Amino acid sequence: MSTSPEPRPTTDGTTDGTRDGTDAAPGPAVRRRPPRGEVRRALLDAAAELFARGGIDATSLDDVARAAGFTKGAVYSNFGSKDGLVDALAEDRISAYLDLGLAAVSDVAVPLEQQARDLGDRLSAAAEEQRDWHLLFLELWQRAVRGEGSQAFRERRRDLHHVVSAAIAEHVDAAGVEAPLPAEELATVLMALSNGLAIERHADPGSVADDLLGRVLVVLMGAAPPSGRPAHVAREQTRGAAQSSVDQ
């Protein structure tokens with residue numbers, strides 16, 4: 001009969017190498033399964049980088065899993081399919097973009113001109129920091145236009161537009177000014193400007209000033225007319241002058 005001590009299980013599932021608690025050489029560490037949220041995050045980050053740089057169709061699930069440090073089974077168990085991964089990635093990145101923008105204008109007490117400038121500057125900085133996202137955005141946009149894949153990207157963009165419109169309406173109302181365009185149209189222009197300037201910046205570095213989007217948003221919101229007059233006063237005076245010209 002052997003007299004060697006047997007490993008004793010501990011409360012966390014590993015063993016301490018003895019039955020009586022005396023010291024012994026440690027055995028191999030037991031590898032624990034990472035939390036599901038951690039696995040999803042790693043897979044989404046790996047997919048964002050690989051899809052942006054190599055293209056969605058040219059990148060395999062094996063490539064994504066390997067880059068994240070998991071097997072392809074982890075992709076299937078978390079997203080179901082490649083289309084599921086692409087949909088989840090679109091939702092994840094658009095939500096992050098929205099959170100970033102809302103954080104830049106979270107204080108409605110800040111003057112509208114400063115809010116517009118802060119928002120533009122933050123979105124411009126994000127375009128530089130998140131280059132991969134804009135490359136991926138262009139491919140997702142192309143797939144949506146061609147009718148490829150699911151409707152997730154288009155639906156998330158509609159959700160983004162709705163939230164941005166509501167935020168613009170709230171901030172304009174808090175500032176007590178009359179917006180030059182309906183909030184829904186301003187949201188469309190804001191999204192188009194942000195994406196378009198990011199594309200120009202990446203295509204020709206240095207061609208877009210860091211503060212250009214912020215300055216354009218200030219003008220677009222009517223927050224700082226050239227005369228320095230309050231936006232609603234400037235508009236009323238402009239209308240009055242135009243009407244006088246017509247009457248004459």
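What percentage of the 248 residues of the protein count as buried? In this predicted model, the proportion is 33%, where buried means under 20% relative accessible area, exposed over 50% and partly exposed in between, with a 1.4 Å probe and protein chains only. Because the model is predicted, local features need pLDDT of at least 70 and side-chain atom pairs count only at pLDDT 80 or more, whereas totals for chains, interfaces and linings use all residues. Residues are numbered from 1 along each chain as its sequence is written, and side-chain values use heavy atoms, with hydrogens and water left out.

The secondary structure consists of ten helices and zero strands, elements being DSSP runs numbered from the N terminus (helices H or I, at least four residues; strands E, at least two). From the N terminus on, the order of elements is therefore written α-α-α-α-α-α-α-α-α-α. Of the contacts in the protein with a separation of 6 or more, 60% join residues 24 or more positions apart; a contact means heavy atoms within 4.5 Å.

Helix H5 covers residues 112-129, a run of 18 residues. From its first C-alpha to its last, H5 reaches 26 Å, close to the 26 Å expected at 1.5 Å a residue; the expected span is 1.5 Å times one less than the number of residues. The buried residues of H5 are Leu 112, Gln 115, Ala 116, Leu 119, Gly 120, Leu 123, Ser 124, Ala 126 and Ala 127. Seen down the axis of H5, these residues fall within an arc of 160 degrees, so they line one face of the helix; the arc is that of the directions from the helix axis to the C-beta atoms. An α-helix has 3.6 residues a turn, so residues three or four places apart point the same way. The buried residues of H5 pack against helices H4 (82-104), H6 (131-146), H7 (152-175), H8 (183-203) and H9 (212-220).

In H9, the buried residues are Leu 213, Gly 214, Leu 217 and Val 218. They fall within an arc of 140 degrees when seen down the axis of H9, so they line one face of that helix. Their packing partners are H5 and H8. Just after H9, Gly 222 takes a positive phi of about 65 degrees.

Grid points are joined across faces, edges and corners, and a volume is the space filled by probe spheres set on the points. Of the 21 residues lining the largest cavity, Val 105, Leu 119, Val 164, Ile 168 and Leu 190 are the closest to its centre. H4, H5, H7, H8 and H9 each give two or more residues to this lining.

The largest pocket has a volume of about 200 Å³. Eleven residues line the largest pocket, and Arg 33, Val 39, Phe 70, Ala 74 and Ser 77 lie nearest its centre. H3 (72-79) gives the most to this lining, with three residues.

Key:
1 Å grid on protein atoms, 1.4 Å probe; cavity = no way out; pocket = protein on both sides within 12 Å on 5 of 7 lines; lining within 4 Å.
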